[in-house]
Every structure is written in C-alpha cells, then in structure tokens.
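Dear colleague,

I am handing over the structure we spoke about, and you will find it directly below. Please look through it first, and then read on for what was found in it.

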Amino acid sequence: TTEIYTLSLHDALPISSQHYYRLSQRLSTADRWSLSLKNEILGALAPRIALGPSIYRRFYPDQPIEGDSVSHFAEAEVVIAWRDHGAFLLENVHRSSIRDAILLGLPDDLTSVLKQAMELFELVEKATALDDPSYIDQPSISPHDQNAGHRDWTALIELLRDSWQATLRVDREAARRIVERWRMLPYPVFRRMSLFAMTESDLYS
C-alpha cells in the first residue's frame, strides 16, 4: 500500500512507534495545555490518502479502462496518520489529567481536519455534498454499539463530538458558534453533527 501525504504542517511529524510512545507519555504526564501538544495530537489525526491495488482491475484485468475513475487504477482509502491507533489516542486523551483543557482547545481545529478528510474522500470519489462514508463508518454520532470502529478516521468524529460537549459545559455561546460553522459546511457528516448538537442541548429551543 502506498500513502499520499496531504500538504499540511502536521504531516511533517514522524509517525513511528517512538511517536506513539512519546505522545502517549506526554498525554499521561502533561500538567498544562500547549501549542506543541495540540500540534502533536492534530498530527496524529492528520488525514491522508492510502492507495492499494485496484479491486476493479483484479476482477476485470483484461477489461479496457474507460474514463478516469480512481477505482479503475487504485483502491483509495482515507486514513489518519496514526492509522489503527486512533482509538488508542482517544483513550489517552480521556485518561489525561488535563482532559478538559485538551478537549476545549480542539473543536475548531478538529472541524477543519474533519473537513479536510471529507475533501480527500471527495477527491477519491467517495463523498459528495449529499453523501459521505460517515453513514456507514459511524452510524451513530453518539456512543453506540453500532459504531464498530473499523475505520480509524472516525476518531475525528468522536473527538470532535467530545470536544464540542466539553465546550458546551463551559461556554454555550462558543458551542453555538461551532454548530453554526458546521451548518455552513458541506458533507452530511457536518449536518449529522449539527443535528446531534441540537438534540443533545437546548441551544436552539
């Protein structure tokens, strides 16, 4: 499998077993929220495209290629930099002694990162303004057994949800501004996030 790294500051961070250990240690020992810690978390969650052999070509090796559909040339997935360690990162955030500070410091950035992930899905023809993989990969925005966690990118949805809920507890106006931003963004995942916020709060009652 070949990975195409997206162009952002966070993709410069090395993703290795040492990085997993270092960030986990920072989260368990940190006594204050900092820009460097935020950048490490966002770096671990940075979306990118992973390319594998085309399933279409596997089943139809002799079929002439017509058009320029991505699936004719490669099987493309959107993943996060930490790949299968997304759930592990969420656990470390929630176990941190500065959990609330972390969550309060992330909603705007996580919204941007989730938007970037959706744009990458659209780039590989797996999302549009009316449809995206969140329906299948994260059936429920709320914690639910339906959320199998098979796709690591859904860590973005879960951490954004938790960050918004933390914001709601301390600053209702800030929480409302986040929802208003979601309402202006394309892709169903943001409409689903907005509906979750309206259902789980009285901001719009």
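**A loop serine and its surroundings**

S96 sits in the loop that runs between helix 4 (86-95) and helix 5 (99-104). Please keep in mind throughout that this is a predicted model. Is S96 buried or exposed? With a relative accessibility of 5%, S96 counts as buried, because that value falls under the 20% cut-off. The side chain of S96 reaches the backbone oxygen of L27, at 2.8 Å. If neighbours within four places in sequence are left aside, the residues in contact with S96 are L27 and I102.

Q25 is a further residue to look at in this context, and it lies in helix 1. The C-alpha atoms of Q25 and S96 are separated by 9.8 Å, while along the chain the two residues are 71 residues apart. Q25 is partly exposed, with a relative accessible area of 35%, whereas S96 is buried.

**Salt bridges**

The count of salt bridges in the model comes to 12, and I describe some of them here. R22 forms a salt bridge with E40, in which the closest N and O atoms are 3.5 Å apart. As for accessibility, R22 is partly exposed, with a relative accessible area of 35%, whereas E40 is buried, with a relative accessible area of 7%. E40 is classed as buried because its value is under 20%.

Two further salt bridges are each formed within one helix. In helix 6 (residues 107-123), E119 and K115 are 4 residues apart, which means that about one helical turn separates them, and their side chains meet in a salt bridge at 2.5 Å, N to O. Both residues are partly exposed, E119 with a relative accessible area of 36% and K115 at 25% relative accessibility.

In helix 9 (residues 172-184), R183 and E180 are 3 residues apart, so that about one helical turn lies between them as well, and the side chains of R183 and E180 meet in a salt bridge at 3.2 Å, N to O. R183 counts as partly exposed at 47% relative accessibility, and E180 is partly exposed too, with a relative accessible area of 30%.

**The nonpolar core**

How many residues does the largest nonpolar core have? The largest nonpolar core has 52 residues, and those with the most contacts inside it are L45, L114, W164 and W182. Helix 8 (residues 155-170) contributes the largest share of this core, namely 8 residues.

For L114, one of the residues with the most contacts inside the core, the partners can be named individually. Leaving aside neighbours within four places in sequence, L114 is in contact with W153, L156, I157, L160, V189 and F190.

With best regards

Note on methods:
Residues numbered from 1 in each chain as written. Predicted model: local features only at pLDDT ≥ 70, side-chain atom pairs only at ≥ 80, totals over all residues. Heavy atoms only, no water. Salt bridge = Lys/Arg side-chain N within 4 Å of Asp/Glu carboxyl O. Buried < 20%, exposed > 50% of the residue type's maximum accessible area, 1.4 Å probe, protein only. Helix = DSSP H or I, 4+ residues; strand = E, 2+ residues; numbered from the N terminus. Polar contact = N/O pair within 3.5 Å; in protein donor to acceptor, adjacent residues only side chain to side chain. Contact = heavy atoms within 4.5 Å. Core = buried A, V, L, I, M, F, W, Y, C linked by side-chain atoms within 4.5 Å.
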